[in-house]
Amino acid sequence: MSSGKHFGKGSAKPALPDDGVLRLYSMRFCPYAQRVHLVLNAKKVDYHTVFINLTEKPEWLVEVSPLLKVPALQLVAEKDQPSLIESLIIAEYLDEKYPQNPLLPKDALKRAQDKILLERFSGITNAFMKILMQKTGLDDFWTALDIFEQELTKRGTSFFGGDKPTFVDYMIWPWLERLAVIEFELKDTYNFDEKRFPKVARLITLLKEDEAVKAFYATPEQHQEFWRTRKSGNANYDLLA
């Protein structure tokens, strides 16, 4: 695992052991990268992490992520050491590649339904960015979250996967962890209503106790501080290093 320091422009490419272990190119406060950390941690798969400064990206990043995106997962044990990008694609690949603790349902219909549900999650991610950039969109955020509250109620389970966290839970968690960023940005107009979202509120409480979540958790105060430095134009990527 990385020390937590982020590599930036002009930095030398890290010397990683030639051990066949997966290499995850990440950023400590990126919710999309966090999805991949959660899956790897849930499956107890060994991996090296290389954190990337997304403001001033290292020149060598293009070698493992041609679009200069994180997360990027380099499969060093495969021929030509290919890399995968896009969090959902990586997460699904890992679930198929490493069968321990399966996260997606085996049933084809249920698996398709979970993927459709995640497609609808874009309403939350879009509203989240609108809130951070324009300080509008909170009503849209809650309306999108209603869909997930209703789905949990319909399923009658604590988690979307039943009695333990599975694919949907881990894929949406990074934005639930960042509710504090919305509160930081909107101050008194932030109004998470546990009466409106009792199932989601309980899901948040339960996921905070999950081992995979705890292994890559940042506190509300840490998220708020990172966002404060990012807004100031000097993002402190190494806040947790």
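1. Let's start with a helix pair: the axes of α1 and helix α6 (residues 167–177) come within 8 Å of each other and cross at roughly 130 degrees. Residues here are numbered from 1 along each chain as its sequence is written. This is a predicted model, in which local features need pLDDT of at least 70 and side-chain atom pairs count only at pLDDT 80 or more, while totals for chains, interfaces and linings use all residues; side-chain values use heavy atoms, with hydrogens and water left out. Helices (H or I, at least four residues) and strands (E, at least two) are DSSP runs, numbered from the N terminus. Axes are lines fitted to C-alpha atoms, for helices over the stretch in contact, and angles run from 0 to 180 degrees between N-to-C directions.

2. How are α1 and α6 oriented to each other? They are oblique; angles under 35 degrees count as roughly parallel, over 145 as roughly antiparallel, 65 to 115 as roughly perpendicular and the rest as oblique. Their crossing is right-handed, the term for a near helix turned clockwise from the far one by less than a right angle, with anticlockwise being left-handed. On the α1 side, the contact (heavy atoms within 4.5 Å) involves P31, Y32, Q34, R35, L38, V39 and A42. The α6 side supplies Y170, M171, W173, P174, W175 and E177.

3. Now to the sheet, which is open and has five strands in the order β1-β3-β2-β4-β5, with mixed pairing. Its edge strands are β1 and β5 (83–85), each pairing on one side only. Two strands pair if DSSP finds at least two bridges between them. α1 packs on this sheet, where it touches β2 and β3, and its direction makes about 150 degrees with that of β2. Helix α2 (residues 87–97) also packs on the sheet, touching β2, β4 (72–74) and β5, with its direction at about 125 degrees to that of β5.

4. Strand β3 (residues 47–52) deserves a look of its own. Six of its six residues are buried, so the strand is largely enclosed by the rest of the structure. Buried means under 20% relative accessible area, exposed over 50%, and partly exposed in between (1.4 Å probe, protein chains only). Both faces of β3 are covered, with Y47, T49 and F51 on one side and H48, V50 and I52 on the other.

5. A201 lies in helix α8 (residues 198–207) and is buried, with a relative accessible area of 12%. Leaving aside neighbours within four places in sequence, A201 is in contact with F192 and E194. A201 and L176 are 25 residues apart in sequence and 9.4 Å apart in space, C-alpha to C-alpha.

6. Finally, is G233 buried or exposed? G233, in the segment after α10 (220–231), counts as exposed at 65% relative accessibility.
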